[in-house]
Amino acid sequence: MRQQGAIGPEVLVELRRDGGPPLRGQLEAGLRDAIRAGRLASGARLPASRVLARDLGVSRRLVVEAYEQLRAEGYLEGRTGAGTYVRADAAQASPEPAPGAARAPRLRYDFFPGAPDLAAFPRSEWLRCTREALRRMPDHALGYPDARGEPGLRAQLAAYLRRVRGVVAEPERVVVTAGAQQAFGLLAVALRTVLGRAPRIAFEDPGMPRYRVLLADAGADVVPVGVDEDGLDVEALRATGADAVLATPAHQAPTGVALSAQRRTALAVWAREGRLVIEDDYDAEFRYDRAPLAALQGLAPEQIAYVGSASKTLAPGLRLGWIVAPAALAHALGRQRMLTDAGSPAIEQQALAFLIDGGGYDRHLRAARRSYRARRDALVAALERHMPGTAVDGIAAGLAAVVRPPEPVDEATLMQAAAARSVGVYPLGWGYVRPRHEGGAMILGYATLPEPAIREGVRRLAAAVDEVGTIPPSPPPSGEAIAELMTLPPG
């Protein structure tokens with residue numbers, strides 16, 4: 001017999017069946033009211049969906065969708081293998097703002113690009129791997145870590161990247177970092193050390209504003225290079241005289257295009273002429289229409305520094321990334337990591353090594369791939385329904401899509417109108433070195449929102465687009481303001 005704690009407490013929610021509002025909307029409203037009034041306290045566990053459905057006399061699917069909606073709004077959170085709980089900060093969740101109101105601190109339908117579904121983090125597997133790490137680690141392993149990374153994790157990463165991404169990797173070439181963002185900074189400093197001067201680093205335009213600022217702060221001379229439907233313009237890159245380029249060949253960020261086969265070859269040739277390619281392979285695990293291409297690094301492993309992280313596959317909060325470095329940079333990178341912060345936490349590194357070794361990482365990625373593909377399909381279907389004529393650019397991959405409204409609209413005005421409806425959108429034009437108007441083109445992330453929330457968010461976005469209409473464009477923010485206001489998620 002199951003104990004009561006295994007299914008959660010009873011909840012007082014009254015549903016009217018007299019032809020009033022839909023039952024699902026009533027259930028969502030009843031649970032919101034219970035949380036706001038304190039009848040469901042922070043951290044309280046909710047009944048299992050089948051139990052609440054039986055108590056209320058409704059379908060289990062209705063309850064599941066209501067739970068998903070409230071998770072998207074920030075009232076609830078799912079804990080893998082443990083159930084559904086009221087979020088600790090749920091009392092701060094605000095009601096839906098009226099059109100024209102100021103942007104709320106928390107948006108219910110935030111299409112933030114580049115972030116994974118944090119509710120899908122494999123908590124049980126991670127807990128098991130952490131326990132295994134603590135059980136196996138000798139006492140001396142808890143001392144100051146190898147700044148380049150724990151040997152066990154470096155070996156697992158080398159094997160994994162060879163198997164899945166075709167990277168030419170040996171453990172001694174792997175440097176573990178605090179995410180991809182730190183990796184780029186380390187590479188800029190190491191390149192300066194090797195060259196004996198400030199490096200000139202080319203940067204895709206558009207690209208991620210935060211990374212551009214990061215490279216400049218590391219002392220690099222950053223120069224923009226254009227991107228078109230075939231990816232990075234390699235001929236334009238040659239004209240810059242750059243020592244290195246930061247590129248996203250598998251899935252360009254943020255336009256979503258893939259580097260063409262001809263340009264992949266040309267970029268590898270450019271690198272072999274004595275330059276460095278920093279390959280940001282940020283979400284290459286998520287390709288939905290076909291098998292992904294191997295990493296570019298395999299074409300010129302001594303001229304390409306491969307960068308990846310667990311931020312898009314597991315969670316940004318882990319702060320675990322990696323560089324597979326060319327031999328000429330490996331020592332400088334290890335030294336710089338030691339001087340920067342002496343390395344990443346040993347226990348978390350060992351846990352990730354066990355997760356990869358035991359197959360848990362692969363299982364999680366397979367499940368995430370299925371989920372994100374369904375959410376992308378839901379986004380496309382919702383756009384077709386509520387915003388017919390909308391174009392979706394780029395390949396079917398990653399955690400976000402570039403969306404262009406049927407008629408041009410002003411990006412800043414659209415962002416405000418969407419926020420007034422508790423919808424977060426992110427203009428593509430703000431990713432350029434010199435911000436420009438792109439007719440309302442947006443980068444919409446879909447990985448963080450359940451399918452019902454995606455559909456509702458797009459419905460509200462369509463209303464915002466209709467409201468904005470053909471308002472004349474306003475001047476785009478400065479590059480510095482964009483780096484603060486609209487930085488894509490750090491790696």
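**Close-up views of a predicted model**

**View 1. The whole chain and its confidence.** The mean pLDDT of the protein chain, where pLDDT is the predictor's confidence in each residue from 0 to 100, is 87, and 90% of its residues reach 70 or more. This is a predicted model, in which local features need pLDDT of at least 70 and side-chain atom pairs count only at pLDDT 80 or more, while totals for chains, interfaces and linings use all residues. Residues are numbered from 1 along each chain as its sequence is written, and side-chain values use heavy atoms, with hydrogens and water left out. The protein chain holds 15 helices and 16 strands, where helices (H or I, at least four residues) and strands (E, at least two) are DSSP runs numbered from the N terminus. Of the 491 residues in the protein chain, 55% are buried; buried means under 20% relative accessible area, exposed means over 50%, and partly exposed lies in between, computed with a 1.4 Å probe on protein chains only. Among contacts (heavy atoms within 4.5 Å) in the protein chain between residues at least 6 apart in sequence, 75% join residues at least 24 apart.

View 2. Where pLDDT is low, the predicted coordinates should not be read in detail.

View 3. Strand β1 (residues 76-79) and strand β2 (residues 83-86) run antiparallel and are joined by four bridges; two strands pair if DSSP finds at least two bridges between them. Leu76 stands opposite Val86 in β2, and the hairpin has three residues between its strands, with Gly81 in the turn at a positive phi of about 75 degrees. In a regular strand the side chains alternate between the two faces of the sheet.

**View 4. The crossing of α2 and α3.** The axes of helix α2 (residues 49-56) and helix α3 (residues 60-73) come within 8 Å and cross at roughly 120 degrees; axes are lines fitted to C-alpha atoms, for helices over the stretch in contact, and angles run from 0 to 180 degrees between N-to-C directions. The two helices α2 and α3 are therefore oblique to each other, given that angles under 35 degrees count as roughly parallel, over 145 as roughly antiparallel, 65 to 115 as roughly perpendicular and the rest as oblique. The crossing of α2 and α3 is right-handed (a crossing is left-handed if the near helix is turned anticlockwise from the far one by less than a right angle, and right-handed if clockwise). Ser49, Arg50, Leu52 and Ala53 in α2 meet Arg60, Val63, Val64 and Tyr67 in α3.

**View 5. The packing of α5 and α11.** Helix α5 (residues 151-165) packs with α11 at an angle of about 35 degrees, with their axes 8 Å apart, and the crossing is left-handed. On the α5 side, Gly152, Leu153, Gln156, Leu157 and Tyr160 meet Gln349, Leu352, Ala353, Ile356 and Asp357 in α11.

View 6. An open sheet of four strands has the order β12-β13-β16-β15, with antiparallel pairing. At the edges stand β12 (391-393) and β15 (426-427), each with a single partner strand, so one side of each is left without a neighbour in the sheet. Within the sheet, strand β13 (residues 400-404) and strand β16 (residues 442-445) run antiparallel and are joined by four bridges, with Val403 opposite Met442 in β16. Helix α12 (residues 360-386) lies across β12, β13 and β16, and runs at about 150 degrees to β12.

**View 7. Backbone details in four loops.** A cis peptide bond with omega of about 15 degrees joins Asp205 and Pro206, and Pro206 is placed in the loop between β5 (200-205) and α7 (209-217). A cis peptide bond also joins Ala253 and Pro254, with omega of about 15 degrees, and Pro254 lies in the loop between β8 (244-247) and α9 (261-272). Arg319, although not a glycine, has a positive phi of about 55 degrees, and is found in the loop between β10 (304-309) and β11 (321-324). Ala342, likewise not a glycine, has a positive phi of about 70 degrees and is found in the loop between α10 (327-341) and α11 (346-357). Arg319 counts as partly exposed because its relative accessibility is 28%, and Ala342 counts as partly exposed at 28% relative accessibility.
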